[in-house]
Amino acid sequence: MNVEQLADELLHTPETEWPMWFVTHAGALSPALIAALKRRSDRLIKSETVLAERITRAALTVADQLPGDSVARALALWARGNWAAYCQPEEAVHCYHEALAVYEGSADSEAIARISSNLIFVYSTLGRFEEALTFAKQARQLLQHDNEHDNELTVRYRVIFLMNYGLLLYELGQYQEALTVNAETSALAQQHGMQEEWAELQVNQAFTLAATGQLNECEPLLLTARTTLEQFPSKPSLTIARIDLNLGDYYSITGNLSEALRCFRRARDEFSAQGVMMDYASVLLYEADLLRRLGALREARNTYHRAYQTFVSEKLEQYAAQSLLAGAAVRRALNPADPELPTMLTKAYRTFTQLNLPVWRNETILEQARFALTMGNIAQAESLLIGEWEADAPLPLNIRHLLLVGELRQMQGDHETARTVFTTALAQSRKISHIWLQREALVALGNRLAVDHPEQAIRHLAEAAQIDDLMRADLSVAELIAEFQARRNDALPLLAQLELQTKQVYAALQNVWRWKGGALIDLIQRHDGQVQIDPALESVHKQIAKLRWELERKQRDGESVEKIEALRDQLRRLEEEVYHERRYLLSQRNHSPFPAAHSWQTVQAQFDADCLIEYVCFGDELHAFCVTRDGNCTVTSLGFASDISELLQRLELKNVSFLRLSREQQQQRGQALTRDAQVLLKRLYQVLIAPLPGLPSEGKLLIAPCPPFHLAPFAALWDGSNYLIERYTIEQIPTGALLAIPTPTGPSGPALVIGASAEGVLQAVEKEIKAIADILPDCQVYIDEPAALDALHQQTPPPRIVHLSAHTVFDDEPTIFAGLHLADRIFTIEECYRLNLTGTDLVTLNGCTTAYGMESGGALIAFQSAFLIAGARRLLVSLWPVNDELAAEFMTRFYRILAGEPEITAALRQTQQELLREPEWSHPAIWSAFGLIRR
């Protein structure tokens with residue numbers, strides 16, 4: 001039996017039977033068998049890591065059977081070190097050094113050179129750069145070469161050495177030298193057909209370019225490398241997972257959080273499959289952070305918990321505690337009374353104390369104090385913030401501490417001390433150029449001064465709001481979507497409320513428009529190409545992206561607190577530079593304190609309704625601004641939003657209960673059930689409409705709802721004699737501020753009608769789609785066809801009408817991954833942002849509650865916003881679940897009327913009035929289930 005056959009037999013033998021196998025084959029055991037095992041494990045390290053690890057244990061066990069053969073032991077340790085270099089780098093150092101001692105004793109220069117080259121990689125990974133440099137020098141001396149006499153193995157050894165050396169140069173910050181080494185090595189690898197090594201070099205080159213500020217060159221290199229490796233018969237899955245990790249970093253830094261999440265999840269699944277649990281758990285942390293930024297807090301909470309469990313099982317105490325701390329913050333946001341919170345925070349505190357990590361300990365104290373203040377436990381907060389705090393923390397941490405101390409003093413009624421503390425925090429944040437801490441201090445001062453000194457409070461809050469506006473100015477579409485969820489938006493509501501108190505009604509309305517419409521308008525203008533990065537700031541913007549990339553990687557690599565803080569300090573100063581430059585440019589070009597898109601004059605010039613009703617909640621108190629054609633503006637307090645929301649929930653239950661009845665039951669009980677609904681609709685009318693002064697008796701209303709009223713059926717509000725739709729033409733708009741930006745114009749093509757029956761569950765969809773196709777001439781029709789979405793993306797010019805009828809897929813909480821279930825995949829809200837619908841008059845979303853998402857507090861996470869951003873002028877959406885038979889009837893009538901009435905709003909009104917006049921369709925659950933939203 002040769003060594004390959006012997007290796008096969010050993011590896012097919014269960015490990016529990018190895019002792020007997022070794023006794024049976026004692027005479028056949030040799031270093032040659034270990035070499036055969038090493039070759040196998042080396043091939044599988046990046047594709048089948050678990051199997052590779054088992055093979056290295058087999059090699060070590062064979063070596064144990066040859067106690068007098070030091071070379072056999074060294075070869076087995078070398079094999080084990082090669083596996084451990086990717087999975088357990090500390091173990092790799094031990095294995096390599098023990099093996100190296102043997103080869104140095106026998107003066108085996110090739111083995112010494114190869115192991116030294118591997119040690120460069122391991123020490124670089126561990127951040128031990130002086131040791132890495134020592135072995136780089138040794139490997140270079142041993143790998144001096146004569147190109148004419150190189151054989152294939154010699155070239156391979158040199159390529160691996162240069163790959164590791166380029167990585168070391170990168171870690172040392174010698175980026176230009178690293179780029180040169182990587183380029184030369186790539187050419188050598190390609191010349192000799194070393195495609196796997198070439199692909200890995202593209203990855204190294206990508207993050208080295210990013211470190212020099214050439215971030216836009218990273219993505220194509222990483223994608224090319226990934227595609228190359230995917231084509232290998234034995235895919236190096238571990239390398240591909242690490243590429244996904246780098247792609248996740250890139251997309252995260254550039255604001256494309258949904259793509260980052262996909263990459264991290266691919267990497268996470270592969271690390272788990274390969275048994276690389278440290279990397280698996282680390283990726284769970286990145287994934288949880290992205291979910292938090294996207295607003296998917298429940299999923300983030302669960303992911304942090306999985307990361308914690310994995311770190312505990314791997315005995316990585318520091319990372320387990322970090323997972324606890326981050327998870328606790330998310331739990332507090334979800335439910336301050338979560339019973340797990342105190343235990344989680346106590347565990348984290350104890351771990352950081354035992355490990356002597358004062359910065360993390362202080363971070364935990366801040367989170368414990370926030371929790372205590374949220375729960376009203378003033379004494380505990382005092383003990384933590386005054387008694388437990390270590391004052392030699394980094395200055396940004398001390399400023400955050402001051403802000404919490406100020407909040408504590410304010411809750412204790414010591415308002416003057418609170419004001420002094422907040423003022424100190426503001427001064428210190430300005431001193432270190434920390435723009436976001438300045439913003440937090442300004443808002444804190446605004447809150448503190450709101451009662452006693454409203455004029456001063458307004459000035460502070462206006463500056464905080466300007467920081468939000470100016471720091472958003474140069475963000476891309478992807479960055480805006482990401483930042484919208486991550487940033488707090490607490491300055492403008494308080495500012496508008498204070499302006500109302502001081503009788504500045506028009507200024508208050510303008511700030512309401514900024515509050516409700518700022519990010520949405522920014523996204524529309526980015527999508528339409530109306531906003532370009534100012535050339536004066538372009539280089540700074542690139543430096544910021546570079547620093548964010550570097551910070552992300554250094555944090556992952558466990559860099560020291562001092563170096564991380566130095567990078568953060570550089571980033572803060574660049575952000576401050578951007579803010580002041582934008583502020584200067586604003587003062588040069590536009591002296592108005594309000595962005596043009598939110599100014600009263602701009603909106604008034606585009607006014608096309610008899611009355612705009614702009615609803616807004618200040619805390620739990622609902623207000624309505626009413627603006628008429630002649631420019632008159634009034635504001636009315638309407639009571640508690642929670643009470644009105646309860647009425648809406650009761651109405652939705654009645655509507656859904658009615659729709660669940662059979663058609664026969666609906667017709668038998670229709671009049672009685674309609675009267676029941678009218679009781680609630682009248683109460684809603686009396687709260688939402690009746691108190692508003694100066695409403696015309698008829699005409700056009702433009703209604704801008706706010707959470708939690710986006711699902712309110714305004715058309716069906718009942719005054720005791722008539723529904724609102726019988727007196728008015730009604731349109732909804734996310735905010736009146738949208739009137740200030742141009743209506744999208746452009747050529748349009750034939751209608752696109754798409755239906756998906758959810759594998760036959762929605763039986764009326766096919767009937768509905770065919771009926772609409774008969775009404776709309778020359779339309780493209782797709783029923784349960786995978787090509788439907790390609791047509792939506794590719795049709796040029798965009799369709800005049802897009803009709804989508806499908807089952808709606810929602811998670812437990814609103815996210816951009818909610819969507820419509822089409823033939824072969826989910827058409828998500830996130831995908832809508834990438835459409836170009838400039839020229840599209842109408843998008844109809846016929847699914848269950850397609851108005852979903854606007855209640856989340858993140859109105860961008862909704863179909864309405866996504867399609868408006870893409871360029872659609874109007875959307876027809878459902879306010880509650882409607883069965884497919886009734887929806888098909890509604891849609892068929894609507895399109896039949898629309899064919900003869902080109903004004904979409906009038907066509908919807910006519911459809912609703914026609915249905916409510918027919919007894920079998922007259923229940924408002926049917927005819928008012930759809931609402932029209934415009935730009």
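## Terms and basis

Helix axes are lines fitted to C-alpha atoms over the stretch in contact, and angles run from 0 to 180 degrees between N-to-C directions. Helices are DSSP runs (H or I, at least four residues), numbered from the N terminus.

The model is predicted: local features need pLDDT of at least 70, side-chain atom pairs count only at pLDDT 80 or more, and totals for chains, interfaces and linings use all residues. Residues are numbered from 1 along each chain as its sequence is written, and side-chain values use heavy atoms, with hydrogens and water left out.

## H1 against H3

Helix H1 (residues 3-12) packs on helix H3 (residues 31-44) at an angle of about 70 degrees, and their axes are 9 Å apart. H1 is therefore roughly perpendicular to H3 (65 to 115 degrees).

The contact (heavy atoms within 4.5 Å) involves Val3, Glu4, Leu6, Ala7, Asp8, Leu10 and Leu11 of H1, and Ala32, Leu33, Ala36, Leu37, Arg39 and Arg40 of H3.

## Helix H19

H19 covers residues 358-374; its 17 residues should span 24 Å at 1.5 Å a residue, and the end C-alpha atoms are 24 Å apart, so the two agree. The expected span is 1.5 Å times one less than the number of residues.

Of the 17 residues in H19, 12 are buried (under 20% relative accessible area, 1.4 Å probe, protein chains only). Among them are Arg361, Glu363, Ile365, Leu366, Phe371 and Leu373. The buried residues pack against helices H17 (317-334), H18 (341-354), H20 (378-388) and H21 (395-411). Just after H19, Gly376 has a positive phi of about 75 degrees.

Definitions and conventions:
Helices (H or I, at least four residues) and strands (E, at least two) are DSSP runs, numbered from the N terminus. Buried means under 20% relative accessible area, exposed over 50%, partly exposed in between (1.4 Å probe, protein chains only). Angles under 35 degrees count as roughly parallel, over 145 as roughly antiparallel, 65 to 115 as roughly perpendicular and the rest as oblique.
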